[in-house]
Amino acid sequence: MKTTETARVSRTLYVLAAVVAALALAATCTLDVLADGASTDRNTAAVVPIPNEPAAKLVVDDPLADQLVHGRVVIPYRAENLRIIPVFGSAALDVSPRVGHIHVTVDDASWHWADASGEPVIMNGFSAGPHKVLIELVDANHKTLDKKTVNFVVPEGMQSGIHH
Ligand SMILES: [Cu+2]
């Protein structure tokens, strides 16, 4: 019981640390974009509205095999025609370039979590056996624009919560 609680607290702290790091990174990236825009030729800046921007697309890789053998699920992904940043609300639907984030659902759970870091999805504590993770690319108002499901198998004897 105590070990389970410790693992849960440790996992929560891990997620919080990742969120803080992601927000710091996003803030840095935003500043970089603004700095670049200010210092370069206006005609070549990548910070102008994109007319008729193509549909947003989500590209998801399989979990990294070298991490999976340690019971750690790391899923790299990227978005095309959408910038993943922590900006939310209906007013952000009209901005260009398009912005959004992802929703992640594990094993058909009735709930999901949102991530706006653009970093790979990292999860620990899976039981051995087959699992699936649904990643949805959503707009700033949480409407799904594209989605991919990744199926994978966590090897026997590699359950995590232990290996962080
Ligand atoms: Cu959302």
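This is a predicted model: local features need pLDDT of at least 70, side-chain atom pairs count only at pLDDT 80 or more; totals for chains, interfaces and linings use all residues.

Q: In what sense do β8 and β9 pair, and over how many bridges?
A: Two strands pair if DSSP finds at least two bridges between them. Here β8 and β9 (residues 144-154) are antiparallel over 10 bridges. The two strands form a hairpin with four residues between them, and H142 in the turn has a positive phi of about 75°.

Q: How many helices and strands does the protein chain have?
A: Helices (H or I, at least four residues) and strands (E, at least two) are DSSP runs, numbered from the N terminus. The protein chain has two helices and nine strands, in the order α-β-α-β-β-β-β-β-β-β-β along the sequence.

Q: What percentage of the protein chain counts as buried?
A: A residue is buried if 20 or more other C-beta atoms lie within 10 Å of its own, exposed if 12 or fewer, and partly exposed in between, with C-beta atoms placed from the backbone. Of the 164 residues, 18% are buried.

Q: Which residues of the largest nonpolar core touch the most other members?
A: A nonpolar core is a set of buried Ala, Val, Leu, Ile, Met, Phe, Trp, Tyr and Cys residues joined through C-beta atoms within 7 Å. The largest one has 19 residues, and L58, I75, Y77, I135 and L137 touch the most other members. At least two residues of this core come from each of β1, β2 (72-75), β3 (77-80), β5 (99-106) and β8 (129-139). β8 gives the largest share, four residues.

Q: With which residues is L58 in contact, leaving aside neighbours within four places in sequence?
A: Two residues are in contact if their C-beta atoms, placed from the backbone, lie within 7 Å. On that basis L58 contacts Y77, A79, I135, L137, D146, K147 and K148.

Q: Is E53 buried or exposed?
A: E53 is exposed, because 12 other C-beta atoms lie within 10 Å. E53 belongs to the loop between α1 and β1. Leaving aside neighbours within four places in sequence, E53 contacts N81, S96, P97 and R98. E53 and S96 are 43 residues apart in sequence, yet their C-alpha atoms are 8.2 Å apart.

Note on methods
Residues are numbered from 1 along each chain as its sequence is written.
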